[in-house]
Amino acid sequence: MAALDHFDLAASSLTGALDRSGVKPGQLSRIVFGNCYHVGPHACYGARYVGNRIGAPPSVTGVAVTLACGSGLQAVASGAAEIALGAELVGAVGADSASNVARNVFVPSFKDASCGINIAETSQTLSKEFGFTRADQDRWALLSHQRANKARAAGFFAQEIVETSGVKEDDAIVANPTAEYFAKSKPAL
């Protein structure tokens, strides 16, 4: 299966949200599109392309925002600010397609240029500084996957996930998590 680009992913998500809320694309005042990796020469126009793909008219303006690991949330925050400033309806969506990011961009992006170390090393240093042990992190991972399985069984994710290219559910949830599973996982560092 060919990788979808981030505009396709965002358009699919936003279309699903609009369908479920009964809002038509032309009713939007603005679209805010968040993504971490601007892939390709036209990525700065991402919100416009998402708007085009959902069938929004040219009168629906767009803005693209970027924030590493938080672009989707930044899109929501920026959309809320638009509403506070008078916009009636704002579509906020975030998407990335890491498989479309060139390896020579993606891999080095995990090294923080301000301090010269890998982001994972930064989190490891902070874990030590604040006293989070491997066992603490394993317990949190176990609890997180248990909660995710409970939410999935209750149908919570079905309300939030829009099927795209045959993908119907989050495949990163460990189905039957155990403390032993996480304890034997090899640390990255």
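Predicted model: local features only at pLDDT ≥ 70, side-chain atom pairs only at ≥ 80, totals over all residues.
Me: What makes up the secondary structure of the chain?
Reply: The chain has seven helices and five strands, where helices (H or I, at least four residues) and strands (E, at least two) are DSSP runs numbered from the N terminus. From the N terminus on, the elements run α-β-α-β-α-β-α-β-β-α-α-α.

Me: Why is Asp138 called buried?
Reply: Buried means under 20% relative accessible area, exposed over 50%, and partly exposed in between (1.4 Å probe, protein chains only); Asp138 has 15% relative accessibility and therefore counts as buried. Asp138 lies in helix 6, and, not counting residues up to four places away in sequence, Asp138 touches Phe182 and Ala183, a contact being heavy atoms within 4.5 Å.

Me: How do you know that Asp138 and Arg134 form a salt bridge?
Reply: A salt bridge is a side-chain nitrogen of Lys or Arg within 4 Å of a carboxyl oxygen of Asp or Glu, and the closest N and O atoms of Asp138 and Arg134 are 2.9 Å apart, so the pair qualifies. Both residues lie in helix 6, four residues apart, about one turn of the helix. Arg134, with a relative accessible area of 34%, is partly exposed.

Me: Why are Arg139 and Asp136 separated by about one helical turn?
Reply: They are separated by about one helical turn because they are three residues apart in helix 6.

Me: What makes Glu169 and Arg152 a salt bridge, and where do the two residues lie?
Reply: The closest N and O atoms of Glu169 and Arg152 are 2.9 Å apart, so the pair meets the definition of a salt bridge. The pair links distant parts of the chain, with Glu169 in the loop between helix 6 and helix 7 (179–183) and Arg152 in helix 6, 17 residues apart. Glu169 counts as partly exposed at 48% relative accessibility, and Arg152 is partly exposed as well, with a relative accessible area of 26%.

Notes: Residues numbered from 1 in each chain as written. Heavy atoms only, no water.
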